[in-house]
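Please look at the sequence and the model below before reading on. The report is written for a reader who is new to protein structure.

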Amino acid sequence: MKKIGAITIGQAPRTDVMEDLDDILRGDVELIQAGALDLLTLEEVETLRPDGTGNTLVSRMRDGTGVMLQEQKILPLLQQRIHDLEEQGVSAILIMCTGEFPETFVSRVPLIYPSKVICNVVAALGNLSRIGIITPEEAQMEDIQKKVEAHCGDSDPRSVESLSRKRV
């Protein structure tokens, strides 16, 4: 059976997301989860909070506690989880976050970025006149609007609506 890695920027397991993935994979693939914050306490995670100088990411701890993180601060932790999953023999790794990450990760296996998949789908649907976006935190809305507008060609910026929701 093939093994696929799934990295969350929070703590694994992400049981809230795995139900959907399990339905898709239907037991044909063993999914091995890892989280950037797996080895950290909530107090240690507090040091990774955004300081206003970088991209804000939102995830959750194992107990369901929501956390806001600064992307640049968790990159080394994500790289370590990539290495951990490679050592477990995965043939690909899904980054379970729609944030855009720099192309600096080193991996012997393909890395799948949902952001790239989503942006390419939006670009392929070029005839859209309106797009709705749901974000976990209001602080992410402006960044996500800019990202989608960049892939919508000449669309009116007011045609991209964002709604923040509090479920992480």
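Predicted model: local features only at pLDDT ≥ 70, side-chain atom pairs only at ≥ 80, totals over all residues.

Residues are numbered from 1 along each chain as its sequence is written, and side-chain values use heavy atoms, with hydrogens and water left out.

Helix α4 spans residues 114–124, and P114, S115, C119 and V122 are buried in it, where buried means under 20% relative accessible area and exposed over 50%, with partly exposed in between (1.4 Å probe, protein chains only). These four residues lie on the same side of α4, because they cover an arc of only 125 degrees around the axis. On the other side of α4, N120 and A124 are exposed.

E86 belongs to helix α3, residues 71–87. The side chain of E86 reaches the backbone nitrogen of R108 at 2.4 Å. Not counting residues up to four places away in sequence, E86 touches I93, V106, S107, R108 and V109, where contact means heavy atoms within 4.5 Å.

The count of aromatic pairs comes to 1. In this pair F101 and F105 are tilted, with 6.1 Å centre to centre and 50 degrees between the planes; ring centres must lie within 6.5 Å to pair, and planes under 30 degrees apart count as stacked, over 60 as edge-to-face and the rest as tilted.

| Residue | Relative accessible area |
|---|---|
| E86 | 7% |
| F101 | 8% |
| F105 | 11% |

Note on methods
Helix = DSSP H or I, 4+ residues; strand = E, 2+ residues; numbered from the N terminus. Arc of directions from axis to C-beta. Polar contact = N/O pair within 3.5 Å; in protein donor to acceptor, adjacent residues only side chain to side chain. Phe/Tyr/Trp six-rings, centres within 6.5 Å; stacked < 30°, edge-to-face > 60°.
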